[in-house]
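The sequence and the structure are shown first.

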Amino acid sequence: KKKVMTLLSYAKWDHFEDGSDDEGEEESVEEMLARGNMIMNTLLAKEEQVDFSGVADLYERAAEKSASKPDLFIRAVLNAATAWYKQKEWSKSRNDAIKAEKIDPKLKKAIEIRLACEKEMEIVFQERCNQAESLDFKAKAKAYAEAADFAVRPEEQWFALSKGAEAYEQAQEWKLAADLYLRHADAPVGLISRGLIALDKADLYGQAIDANFRLIQKLEKDDDWCRAVLALASRVRKHCTFDDPTKQKKKKKIQLIPNKRQELISLLTQATEKNCTYQGECADALAEILFWSGRYKEGLKASRKALPKLKASQAAECALSAAHAAHEDKEEAIFFFDQAAKLFSQINRHDKAGDAAYTAAVLANDKGERASCAARFLKAATLDAADDQEQARLQFLLAKTLLFSGRHLDACIPARKAVLIKPPDDKIYFDRLDLLAESFALSQRFHDTIHVLKQALYLTRHTRIAWSTRDMDQARATLALATAFEEVSDFHSSQPLWTDAASAFSKLNKQQTAESCRQRADAAAKIIDRLDQQQS
């Protein structure tokens, strides 16, 4: 019963001294091995159950110190392997034996220890897997996770981790499931992919992005690789910000560090150069990331590359995004708004087509063809508006388009329709009234203009909630109403309005406009005096 394990016979040291008289001097590897052997022989001689972990740790430290001395290192790790074996720590024992084998692949003692450990580990692995099947979801998951620690071959470990993760998924413990799927450093593509899905379900988007990077590294550069790169870009676009995190309003957004951002840009660039199924989508995603990074010129090039390779619906959104990003390049913005208008019209999104065409017309100052296209698209969009508010928005935009193209009288009809639909807030209602008044004024319908502007002015003075531009809107409406009264020669009504307008613009620090209003008030007062004199 006291027989010493035959896997490794311990050297009997003829001479042993307790290191040094100087307590500050560090123990040598030889001294650590000697001390370990004495402890080991003492433990092996005892009848009762003993703890070998302490002496195993001592041998481990000796191995660390002797890493550059192969002979000493092999002695240390084999001793550690034996101690761990006696402690029934099969995995640790096996790992140490493998370390020795790496230096000397034919080392009999190392091979014996490894094989003995693997035999024990396989027994425990099988026992744990068998036990797991009879347990409920969470207990089953834990049992399989423990079994994975005893797996000898990677395939066995992946099997156990996968079964454990599946049990956690059945219990809807998505984070724990993801941990198991992704635990193995060399987990295969299938496990990483399932881990990604679990992380998404657990709303652990930062970890999902890291796992997505890991998945890409495992794949061959084919369609699957391009799809994984595209999925990564999608996650980043949805959940990350590149802004200063101290200025973030949405706390949920994840800060993507610059080197990871650059890595993503590099991956997307490679994907756009490959003749893969997702080339266009990757170019579109690359453009978005470049826009976010402030690299607009490069982003616009990527957008141009993406457009012909995308479906019409994707291309339309790509063009619109590029158009908004091209704010510093007017010609590029016009090109992309034109593209967006054309593409949206192809998929019967006349609302977006009209919006894009109108913006292109304004940027190009094209009151002819572009404005006419915009009006045509918007008129079509009003026929299938989703609800009243969408109808009002489209009628409002149609009226603006008609005004821009010089069709003032035609603009009155959609502008009136927009006003008749009850708005969600006072600012929107004011803007609709303001546009209707402008349409009437430009159509020389000044009595109608006065009627509408009175409503607008009343709204600014009796609003439920003051909007940010209310004071300026009130000043503008006052000036417009004064002008309209003068157009119908009602100077008694215009004169006090000019005075009110002068005061309002002065408070807004618009002194030039205020002075002009004062002059108009004075001129109106003189006309009133002359008229009064004529009447008397």
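## Cysteines

C318 is buried, with a relative accessible area of 2%. The model is a predicted one, and the structure holds 0 disulfides. For C318, the closest cysteine sulfur belongs to C282 and lies 12 Å away, too far for a bond. Because a disulfide requires two cysteine sulfur atoms within 2.5 Å, the 12 Å between the sulfurs of C318 and C282 rules out a bond for that pair.

Another cysteine, C276, has a relative accessible area of 10%. Buried residues are those under 20%, so C276 is counted as buried.

## Nonpolar core

The largest nonpolar core comprises 170 residues. Within this core, the residues with the most contacts are W225, L232, V236, L264 and L268. Helix α3, spanning residues 70-86, gives the most to the core, with 11 residues.

## Second largest pocket

The second largest pocket has a volume of about 270 Å³. Two or more lining residues come from each of α21 (426-442), α22 (446-461) and α23 (470-487). Of these helices, α23 gives the most to the lining, with 6 residues.

In total, 14 residues line the second largest pocket. Nearest its centre lie A437, E438, A441, L453 and A480. By class, the lining consists of 8 nonpolar, 2 polar and 4 charged residues.

## Individual helix positions

S162 is located in helix α7, which covers residues 154-170. With a relative accessible area of 9%, S162 is buried. When neighbours within four places in sequence are left aside, S162 is in contact with Y181, L191 and R194.

F404 lies in helix α19, residues 388-404. The relative accessible area of F404 is 17%; because the limit for a buried residue is 20%, F404 is classed as buried. Leaving aside neighbours within four places in sequence, the contacts of F404 are Y358, A361, V362, N365, D366, K367 and A371.

Q519 belongs to helix α25, residues 511-535. Its relative accessibility is 48%. Since exposed requires over 50% and buried under 20%, Q519 counts as partly exposed. From C-alpha to C-alpha, Q519 and H184 are 82 Å apart in space, and they are 335 residues apart in sequence.

## Loop residues with positive phi

K88 is placed in the loop between α3 and α4 (90-103). The phi angle of K88 is near 65°, a positive value in a residue other than glycine. K88 counts as exposed, at 59% relative accessibility.

Q444 is found in the loop between α21 and α22. Its phi is near 65°, again positive in a residue other than glycine. With a relative accessible area of 57%, Q444 is exposed. Both α21 and α22 are among the elements that give two or more residues to the lining of the second largest pocket.

How values were computed. Residues are numbered from 1 along each chain as its sequence is written. This is a predicted model: local features need pLDDT of at least 70, side-chain atom pairs count only at pLDDT 80 or more; totals for chains, interfaces and linings use all residues. Side-chain values use heavy atoms; hydrogens and water are left out. A nonpolar core is a set of buried Ala, Val, Leu, Ile, Met, Phe, Trp, Tyr and Cys residues joined through side-chain atoms within 4.5 Å. Buried means under 20% relative accessible area, exposed over 50%, partly exposed in between (1.4 Å probe, protein chains only). Helices (H or I, at least four residues) and strands (E, at least two) are DSSP runs, numbered from the N terminus. On a 1 Å grid over the protein atoms alone, a cavity is a set of points where a 1.4 Å probe fits but cannot get out, and a pocket is an open set with protein on both sides within 12 Å along at least five of seven lines; lining residues have an atom within 4 Å of a point. Grid points are joined across faces, edges and corners, and a volume is the space filled by probe spheres set on the points. Ala, Val, Leu, Ile, Met, Phe, Trp, Tyr, Cys and Pro count as nonpolar, Asp, Glu, Lys and Arg as charged, and the others, Gly among them, as polar. Contact means heavy atoms within 4.5 Å.
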